[in-house]
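Dear colleague,

Please find below the structure that I am handing over to you. My notes on what was found in it follow directly after.

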Amino acid sequence: VHWGCGGRGGWPYQALAVLLTYLAIVSTYVPVILEVAKRQQAAATATAAATATASGGAGGDGAHGAPAATPGPGRAAAAGSLAAPARAGASQITPFRRLANLGAGYGLLLMVAVAVPFMGGVGILGLIIIAIGLYEAWKLNRRPQLQVTGPHALAPQAWRR
């Protein structure tokens, strides 16, 4: 920011520098957040699979212990008609919509990362490091102080006696 504003400084540049510094610091938490989310999703999938296996493994349909009905032509047609709109909807997603979804996902991920220090995800040493970084960003982009030392003589005034 200091280089970009040509060394002018001032509170708007200081605020921008603090914001960019904070985002740069908390963006390092993104891989950890993704790993935790991946583990939670795997645990949820494993729990759902175990529940489905336990209820379906008794030889019934899971509702009353009665044997599951074999799929007939009516059931296959119903299943096909339910799956068709899902496939049609998926093909209607435009590249712009995909890009918008990706941007929204990254924005949500960054918002979670911004909240990590406030939710206790960083120890006291991490908070001290963040505070020092933000202070340095603020200090570096201060408005330079103009010091006037003048008026100064342009040439020696030897001719005046």
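**Findings**

I begin with C5, which lies in the segment before α1. The model is a predicted one, and the remarks below should be read with that in mind. C5 has a relative accessibility of 3%, and because this is under 20%, C5 counts as buried. Its C-alpha atom is 9.2 Å from that of N141, although 136 residues separate C5 and N141 in sequence.

**Overall architecture**

The secondary structure of the protein consists of five helices and zero strands. Along the sequence this gives the pattern α-α-α-α-α. Of the 161 residues in the protein, 13% are buried.

**The surroundings of N141**

N141 is placed in the segment after α5, the helix that spans residues 124-140. With a relative accessibility of 3%, N141 counts as buried. A polar atom of the N141 side chain lies 3.0 Å from the backbone nitrogen of H2. Setting aside residues up to four places away in sequence, N141 touches V1, H2, G9, G10, Y13, Q14 and A17.

One of these partners, Q14, deserves a separate remark. Q14 is located in helix α1, and its relative accessibility of 6% places it among the residues that count as buried. Apart from residues up to four places away in sequence, Q14 touches W138, N141 and R142.

**The packing of α1 and α4**

How are α1 and α4 arranged where they pack? Helix α1 covers residues 11-26 and helix α4 covers residues 95-115; their axes are 9 Å apart and meet at an angle of about 95°. The angle falls within 65 to 115 degrees, which means that α1 is roughly perpendicular to α4.

At this contact, Y22, L23 and V26 in α1 meet L110, A113 and V114 in α4. The residues of the contact comprise six nonpolar, no polar and no charged.

L110, which belongs to helix α4, has a relative accessibility of 31% and therefore counts as partly exposed. The C-alpha atoms of L110 and L23 are separated by 8.1 Å, while the two residues are 87 residues apart along the chain.

**The largest nonpolar core**

Which residues form the largest nonpolar core? There are eleven of them: Y22, I25, V26, Y29, V30, I33, L109, A113, V116, V122 and I130. Two or more residues are given to this core by each of α1, α2 (30-56) and α4. The largest share, three residues, comes from α1. As general background, nonpolar side chains tend to be buried together in soluble globular proteins.

A113 is a member of this core and also takes part in the contact of α1 with α4. Leaving aside its neighbours within four places in sequence, A113 is in contact with V26, Y29, V30 and I33.

**A cis peptide bond**

Finally, I draw your attention to the peptide bond from G150 to P151, which is cis, with omega near -5°. P151 is found in the segment after α5. In general, most peptide bonds are trans.

With kind regards

Conventions:
Residues are numbered from 1 along each chain as its sequence is written. This is a predicted model: local features need pLDDT of at least 70, side-chain atom pairs count only at pLDDT 80 or more; totals for chains, interfaces and linings use all residues. Side-chain values use heavy atoms; hydrogens and water are left out. Helices (H or I, at least four residues) and strands (E, at least two) are DSSP runs, numbered from the N terminus. Buried means under 20% relative accessible area, exposed over 50%, partly exposed in between (1.4 Å probe, protein chains only). A polar contact is a pair of N or O atoms within 3.5 Å; within protein, one must be able to donate a hydrogen and the other to accept it, and residues adjacent in sequence count only if both atoms are side-chain atoms. Contact means heavy atoms within 4.5 Å. Axes are lines fitted to C-alpha atoms, for helices over the stretch in contact, and angles run from 0 to 180 degrees between N-to-C directions. Angles under 35 degrees count as roughly parallel, over 145 as roughly antiparallel, 65 to 115 as roughly perpendicular and the rest as oblique. Ala, Val, Leu, Ile, Met, Phe, Trp, Tyr, Cys and Pro count as nonpolar, Asp, Glu, Lys and Arg as charged, and the others, Gly among them, as polar. A nonpolar core is a set of buried Ala, Val, Leu, Ile, Met, Phe, Trp, Tyr and Cys residues joined through side-chain atoms within 4.5 Å.
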